[in-house]
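Here are a few friendly notes to go with the model, in numbered points. Please read them with the structure open beside you.

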Amino acid sequence: MSDALNYLMKIRPGPMKSYFDFVKQAGKHLDPKTRAIISVITKVDKQTETGLRQYLVRALQAGVSADEVIDALFLAFPTLGLTKIIWAVDI
């Protein structure tokens with residue numbers, strides 16, 4: 001986690017715990033691979049390099065292949081656009 005996130009967890013543990021509980025419950029009906037792919041796409045959309053690296057590792061550990069990541073990025077092309085997809089592939 002980032003220093004900022006660690007700081008927020010320290011000074012506002014209740015709300016931050018609630019947020020993380022919400023995130024965990026929000027995708028409980030999705031299989032781990034689907035959740036991982038969606039997380040990767042959100043990091044590409046916001047172009048957060050640290051987050052992309054973190055969630056890409058998680059996706060690969062969940063059994064998502066590199067081809068599946070590329071396919072997912074292309075499926076999200078209407079919102080990501082080519083520039084963000086190229087940014088992600090460069091990382």
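1. In helix 1 (residues 3-11), Leu 5, Leu 8, Met 9, Lys 10 and Ile 11 meet Pro 13, Met 16 and Phe 20 of helix 2, contact meaning heavy atoms within 4.5 Å. Helices here are DSSP runs (H or I, at least four residues) numbered from the N terminus. The contact residues of this pair divide into 7 nonpolar, no polar and 1 charged; Ala, Val, Leu, Ile, Met, Phe, Trp, Tyr, Cys and Pro count as nonpolar, Asp, Glu, Lys and Arg as charged, and the others, Gly among them, as polar.

2. Please bear in mind that this is a predicted model, with local features needing pLDDT of at least 70, side-chain atom pairs counting only at pLDDT 80 or more, and totals for chains, interfaces and linings using all residues. Residues are numbered from 1 along each chain as its sequence is written, and side-chain values use heavy atoms, leaving out hydrogens and water.

3. Helix 1 and helix 2 (residues 13-26) pack at about 120°, their axes 5 Å apart. Axes are lines fitted to C-alpha atoms, for helices over the stretch in contact, and angles run from 0 to 180 degrees between N-to-C directions.

4. Helix 5 (residues 66-75) packs on helix 6 (residues 77-90) at an angle of about 140°, with axes 7 Å apart. Helix 5 is therefore oblique to helix 6 (under 35 degrees is roughly parallel, over 145 roughly antiparallel, 65 to 115 roughly perpendicular, the rest oblique). The contact residues divide into 10 nonpolar, no polar and no charged.

Conventions
Helices (H or I, at least four residues) and strands (E, at least two) are DSSP runs, numbered from the N terminus.
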